[in-house]
Amino acid sequence: MKIYVCVKQVPASNETLLDPVTHTIIREGTQSILNPFDSYAVEEAVRIKARCGGTVTAFTMGIPSAEGTLRRVIAVGADNAVLLTDRAFAGSDTLATARTLAAAMKRKGLPDLILCGRMATDGDTAQVGPMLAECLDLPHVSDVAEIEEVNETECVVRKMTDDGYVRLRVRLPVLLTVLKEINIPRLPSVSGVLRGEKAEVARMNREDTGMEAGKTGLNGSATRVVRTERPVITRETVWIEGTAREQAEKLKGYLGSRNGDSTDLTETTEKENSSTPPRRVQDDRKTEITPGGIWVYCEQGPEGIRPVAYELLGKATGLAGEMKQTVTAVLVGGAEEEAVSLTACGADQVLLAEIPAEELPDERVHTAALEKLVGKYQPAILLLGATAFGRSLAPRLAARLETGLTADCTGLEIDPETGLLRQTRPAFGGNLMATIVCPEHKPQMATVRPKVFQRIGGLSNRPPTPLRHEYIPERSVQPDAVNIFREKMETAERCFEFLERIPAAEETDIGTADVLISVGQGIGGAENIAMAEELARKMGGTVSSSRPLVDSGVMPYSRQVGQTGKTVAPKLYLALGISGAIQHMAGVAAKTIVAVNTDPDAPIFGCADFAVRSDCGEFLRAMLDEN
Amino acid sequence: MNLIRKMSAEYADYLFDESRTMGSADYIAFPANEEELAEVVRWCAEKQVPLTAQGALTGLAGGASPERGLVLNLQRMNRILGMRKDPDGIYYVRVQPGLRLAQLRRALAVKAFDVAGWDEESIGTLKEIAPGQLFFPPDPTEPTASIGGMASCNACGARSVQYGCTRAHIHALRVVLADGRIADLERGKQKADGRKIRMQTTDGNMLETTLPSFETPEIKDAGFFIRQNMDLLDLFIGSQGTMGIISELELKLMPAPKHLWGVTAFFPDDECALAYVRVVKGRPDPGVPRFPRPAASIEFFDKNALDMVQRQKAVTPAFRQLQELPENYCSAVYVELNDDDPGEIPEVLTALAEVLTAVGGDPERTWVARDALELEQLLFFRHSVPETIDLIVEENRKKEPCITILSTDMAVDDDHFDELFHIYKKDLQASDLPWIIFGHIGENHVHPNILARDRREYEQGHQIFEKWARDVHRMGGSISAEHGAGKIKRRLALIMYGEERLKELYALKRAFDPQGILGPGNIFENGEQV
């Protein structure tokens with residue numbers, strides 16, 4: 001079996017700098033490592049080779065010194081390595097990277113299997129894998145937790161979705177992106193390191209790949225980084241001093257007095273929900289889907305439309321007001337009853353692509369549907385929720401549409417001068433906020449994580465009567481009427497054959513908890529985590545975690561808060577021993593943040609409402625004492 | 001007085017240390033500074049209440065488990081007080097005893113210090129240093145250990161092969177004596193005159209006495225340190241809170257190694273592993289090439305230790321991330337190396353491969369960690385052994401509460417180590433006890449652990465330890481290289497010192513502690529009767 005693995009060299013630490021002029025990454029002079037996520041792909045490739053025979057070839061695109069990373073991959077069992085390096089590749093965005101990798105792979109002969117890590121720790125986009133699959137016209141499966149069976153013609157994989165695991169059968173050749181839980185990457189042996197040092201690393205430049213001049217690197221990229229800045233998160237912080245006991249007492253007092261607020265918060269939300277969503281100029285409302293509009297792809301899960309779709313509609317409504325445009329909610333498959341609630345939450349029209357019923361949304365089917373709709377209606381902006389499926393579909397679709405895509409945006413605004421969508425996202429583990437535009441390609445695509453934006457309107461409205469628009473009928477003037485446009489889709493190729501759903505184990509959902517006791521590396525041992533759990537029980541909350549404890553296996557991934565975990569919006573977020581790196585805080589949309597840390601310089605104190613300088617164990621003991 | 005609280009159920013966690021030696025106490029105090037610490041000691045002296053000092057309770061010999069009286073817990077005294085540079089360019093940092101090693105390491109690594117109350121010299125010195133430029137070398141297995149606790153038992157840990165024990169990195173101490181007065185002692189300044197001691201306290205008083213007539217072993221030893229003309233501060237390092245309570249330490253820092261990396265190698269039998277260790281330590285072996293670098297640490301794992309962790313992997317989710325062991329493993333040796341230039345690694349590994357092959361190992365059956373991330377995995381593996389012991393002992397205690405950790409840390413010199421290792425194995429194999437051997441083989445002290453399941457096995461374990469103490473005594477070694485005698489190993493201390501010498505040491509202690517209130521039960525078995 002011929003296996004390709006994509007790897008990336010990333011900075012050992014995310015304190016990397018961006019060139020202030022070109023806004024591209026300065027890679028020289030910083031210590032580099034193999035992207036930790038890629039080591040799982042390499043390990044899986046080596047294991048499959050041991051099972052089925054064949055060869056493993058690692059590909060990377062990067063500066064000449066990335067050769068060192070390839071030698072490391074050979075040290076743990078890859079047979080060959082290819083380094084794509086050329087000044088003409090510099091400044092590539094994810095799509096330009098995927099295209100270049102695809103061109104190189106075509107030159108080297110297509111493999112049976114391509115394995116990629118889930119994402120890279122510097123960009124955190126998780127886009128190159130699905131984009132590469134699309135560029136090679138191969139099926140792909142993201143977030144693979146286990147490759148159960150594999151032979152020359154097909155494989156059976158267990159994939160993680162937002163609702164637990166599913167088992168899928170996939171025909172080869174295929175591209176898989178793998179999760180950390182798939183294996184434990186081996187360390188190299190002494191002999192392995194020496195093999196790596198002696199190995200030949202093949203090099204390819206632009207000409208070798210056959211890519212046209214001007215189509216690679218920065219010139220070949222659809223997106224442009226227009227601004228980078230160090231993120232500043234400020235809150236007015238109240239320092240709570242004294243012994244642990246006194247600190248606990250004072251904190252309880254403060255939280256008690258804030259309790260009133262929390263109740264108020266609930267009420268306001270409900271009030272907002274029951275009011276009519278803020279509308280753009282009513283007379284401007286169009287009864288047809290005109291080019292240049294804003295689209296929100298509305299993903300449907302087992303329990304209907306995912307909440308993030310409503311949040312995006314809320315945001316889109318605001319953007320549309322500035323653009324004097326309409327908001328279209330796009331459904332691929334599903335029933336039209338779903339359409340009603342979308343209108344109540346900001347959609348002017350609902351566009352429904354009719355596809356055969358599916359057990360699980362298929363990236364290739366949805367890509368084909370959206371390609372057709374986009375081609376017909378020419379939206380200016382397409383927003384998708386950064387759910388597991390959204391993060392897998394969006395890159396594939398962007399590659400099909402040959403447009404730019406920005407992952408995990410935390411800010412979206414319309415540039416008043418150019419009218420372009422300014423997309424802001426954390427990069428380098430949140431150490432930088434990058435603002436990105438896509439000036440020459442349409443639609444401008446972005447994904448947004450759940451809970452980043454707020455929905456407007458609510459489901460509590462009396463459901464309006466659905467109206468059906470086969471073509472473009474006269475528009476009803478009823479404010480809450482639903483305009484549905486239906487489009488029939490042809491059969492498209494699929495990524496996978498659905499086998500079965502493995503329901504998620506009964507897990508507490510940190511995304512919905514009102515009180516989160518969150519533990520980080522500074523928590524100081526299992527006994528303190530146990531106390532945190534006890535405190536959570538007493539306060540009616542749940543324990544969540546920062547990334548290091550998840551990486552080290554102490555806490556399950558389902559509890560991870562942050563850019564690469566879950567976004568949470570509790571009323572109270574009590575952070576214990578969490579330093580408060582931006583990538584963590586990017587996932588915290590809490591009403592009240594309390595930080596407990598021994599280090600007075602911990603960044604988390606800068607974004608906390610209440611700062612407690614204390615050992616976590618002592619603090620917990622004091623909190624539990626009289627709670 | 002608010003500072004001193006009656007013992008109650010809420011303080012139950014302060015009655016035992018990592019060894020699970022259960023103690024008892026009537027009072028507990030958490031002083032926040034030296035003044036309060038001295039106040040507590042004065043109160044104890046007045047009321048003749050014995051007191052046991054505690055740091056982070058990570059000790060493995062029961063030294064911090066109280067035997068009646070007052071628990072003097074120093075966890076609140078956890079500040080870094082300042083730093084300076086001497087004319088030779090050596091940096092020093094002043095800390096309180098309750099500071100944890102991990103906190104100090106982190107502060108130095110990322111240069112994050114709470115400078116409230118620092119003097120100008122300290123702040124000026126801090127400005128000079130870069131994050132990660134300096135480090136404090138002692139490396140006990142448990143990084144949450146307190147610095148005061150490390151001093152009190154002269155902890156050493158894995159890297160002592162290269163850097164020596166905690167004692168070598170302590171430049172000055174402030175000590176609260178048994179009557180609450182304070183001594184300020186600096187290395188090279190306050191010394192014994194032959195065997196005569198004249199120690200001035202900060203209030204101008206003079207404490208005069210004579211040192212015992214003998215010298216403690218030259219070998220690494222966690223107990224008392226007695227030499228002619230010795231630095232007086234050394235009396236308080238290794239004496240486990242029986243001579244005075246350390247209230248402040250000045251630590252000598254070293255330039256941090258530029259590039260730390262390591263190799264774990266698996267061997268088909270223990271003899272190959274022992275041969276490898278000899279070569280790594282630089283002892284010539286015919287037919288085996290020289291080892292290419294001095295090692296910063298050398299750690300050993302026997303088959304039982306590897307099997308034990310392997311079994312625990314199925315139970316403890318955190319251990320799932322451990323590397324998979326090669327097939328047919330027997331023992332393993334981890335070697336940590338320092339290099340200025342990671343570019344030299346391939347050259348070193350080429351030489352290492354030859355050594356491995358020559359001693360009967362296999363360069364394929366190794367794990368190489370070339371950067372901090374990979375090294376973490378090797379250290380995680382190393383740490384999983386004591387973690388597993390902890391879990392097993394905790395489990396066994398549920399059936400038999402008298403069980404504690406039974407771990408030894410006896411040390412001998414290079415010439416005697418293989419002999420001692422074979423004695424360990426022979427005695428353990430002859431018993432029907434569950435056991436493992438792992439630890440700091442580079443410094444000739446591995447940790448045979450007996451995982452007793454019931455009272456009989458626990459007592460049998462103690463008997464085996466006493467036999468070994470006699471063997472080690474015969475070889476001129478130490479019964480405790482790093483954990484201290486504490487309470488679990490005080491019978492072994494008696495075997496090592498002999499009754500006469502122990503009496504002399506006790507007389508020295510009583511000269512400093514006339515009422516015998518400091519560290520009851522530590523080192524001296526039932527002090528009054530010695």
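Buried means under 20% relative accessible area, exposed means over 50%, and partly exposed lies in between (1.4 Å probe, protein chains only).

**Entry 1: ground rules**

I am working with a predicted model, where local features need pLDDT of at least 70, side-chain atom pairs count only at pLDDT 80 or more, and totals for chains, interfaces and linings use all residues. Residues are numbered from 1 along each chain as its sequence is written, chains are lettered from A and ligands numbered from 1 in the order in which they are written, and side-chain values use heavy atoms, with hydrogens and water left out.

**Entry 2: salt bridges**

I looked up salt bridges (a side-chain nitrogen of Lys or Arg within 4 Å of a carboxyl oxygen of Asp or Glu). The whole structure has 79 of them over all chains.

I went to Arg118(A). Its side chain meets that of Asp143(A) in a salt bridge, 3.6 Å from N to O. Arg118(A) sits in the loop between strand 6 (113-117) and helix 4 (128-135) of chain A, and Asp143(A) in strand 7 (residues 140-150) of chain A, so the pair ties together parts 25 residues apart in sequence. Helices (H or I, at least four residues) and strands (E, at least two) are DSSP runs, numbered from the N terminus. Both Arg118(A) and Asp143(A) are buried.

I then checked Arg396(A). It forms a salt bridge with Glu134(A), with the closest N and O atoms 2.8 Å apart. This pair links distant parts of the chain: Arg396(A) is in helix 11 (residues 388-401) of chain A and Glu134(A) in helix 4 of chain A, 262 residues apart. Arg396(A) is buried, at a relative accessible area of 0%. Glu134(A) is buried too, at 10%.

Next came Asp415(A) and Arg422(A). Their salt bridge has its closest N and O atoms 3.6 Å apart. Asp415(A) counts as buried at 16% relative accessibility. Arg422(A) is buried, with a relative accessible area of 16%.

**Entry 3: cavities**

I searched for cavities (on a 1 Å grid over the protein atoms alone, sets of points where a 1.4 Å probe fits but cannot get out). There are five of 30 Å³ or more. I noted its lining, meaning residues with an atom within 4 Å of a point. Of the 49 lining residues, those closest to the centre include Thr58(B), Gly59(B) and Cys153(B). Helix 9 of chain B gives the largest share of this lining, six residues. The lining divides into 20 nonpolar, 22 polar and seven charged residues.

Notes. 1 Å grid on protein atoms, 1.4 Å probe; cavity = no way out; pocket = protein on both sides within 12 Å on 5 of 7 lines; lining within 4 Å. Points joined across faces, edges and corners; volume = space filled by probe spheres on them. Nonpolar A, V, L, I, M, F, W, Y, C, P; charged D, E, K, R; others polar.
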